[in-house]
Amino acid sequence: MTTKSIAFSEDLKALAEMAKWLSHPARLAILLHLAKTKTCISGDIAQELPLSRTTVSQHLQELKKAGLVKGEIEGLTVCYCLDSNRIAQVSAALGGFLANILTEDTPDCYDCPPGAC
């Protein structure tokens with residue numbers, strides 16, 4: 001069985017995957033919290049956010065798989081922090097994509113009928 005995803009370039013598929021990593025508000029809240037603390041966190045992040053431990057754990061695992069968050073196991077605790085190099089890569093890729101589709105001469109609305117947009 002073939003999928004329609006083969007019709008898309010590897011670059012577009014990679015960008016879509018990056019957008020998926022950032023597509024949940026809990027993940028964004030975790031990233032913001034880690035950025036705000038400016039240090040590795042070995043305590044319970046769920047105590048700082050309106051999320052359950054299970055939810056935080058699940059989203060941290062996704063962020064870690066994406067490479068946006070690093071985690072080192074030290075005994076019974078895990079120390080989480082941002083991977084600033086990976087975040088810079090994702091930022092450049094997504095920002096570059098958006099900059100390429102939005103140029104100075106891009107109209108707000110193309111040939112839509114008046115009042116349609």
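Modeller: The account below begins with the chain as a whole and then turns to the helix contact and its surroundings. The model is a predicted one. The protein chain contains four helices and two strands, and from the N terminus on its elements follow the order α-α-α-β-β-α. Of its 117 residues, 23% count as buried. Among contacts between residues at least 6 apart in sequence, 48% join residues at least 24 apart.

The contact in question is that of helix 2 with helix 3. Two packed helices are described by the angle between their axes and the distance between the axes. Here the axes of helix 2 and helix 3 come within 10 Å and cross at roughly 80 degrees. This angle falls in the range of 65 to 115 degrees, and helix 2 is therefore roughly perpendicular to helix 3. Helix 2 contributes A26, R27, I30 and L31 to the contact, while helix 3 contributes V56, H59, L60, E62 and L63.

H59 counts as buried because its relative accessibility is 8%, against a cut-off of under 20%. Leaving out residues up to four places away in sequence, H59 touches H24, A26, R27 and I30. Of these partners, A26, R27 and I30 are listed on the helix 2 side of the contact.

In soluble globular proteins, nonpolar side chains tend to be buried together. The largest nonpolar core in this model has 18 residues, and those with the most contacts inside it are I30, L34, I45, L60, L68 and V69. Helix 1 (10–21), helix 2 (25–37) and helix 3 are the elements that give two or more residues to this core. I30 and L60 also take part in the contact between helix 2 and helix 3. I45, another of the core residues with the most contacts, touches H33, L34, V56, L60 and Y80 when its neighbours within four places in sequence are set aside.

Conventions:
Residues numbered from 1 in each chain as written. Predicted model: local features only at pLDDT ≥ 70, side-chain atom pairs only at ≥ 80, totals over all residues. Heavy atoms only, no water. Buried < 20%, exposed > 50% of the residue type's maximum accessible area, 1.4 Å probe, protein only. Contact = heavy atoms within 4.5 Å. Core = buried A, V, L, I, M, F, W, Y, C linked by side-chain atoms within 4.5 Å. Axes fitted to C-alpha atoms, helices over the stretch in contact; angles between N-to-C directions. Parallel < 35°, antiparallel > 145°, perpendicular 65-115°, else oblique.
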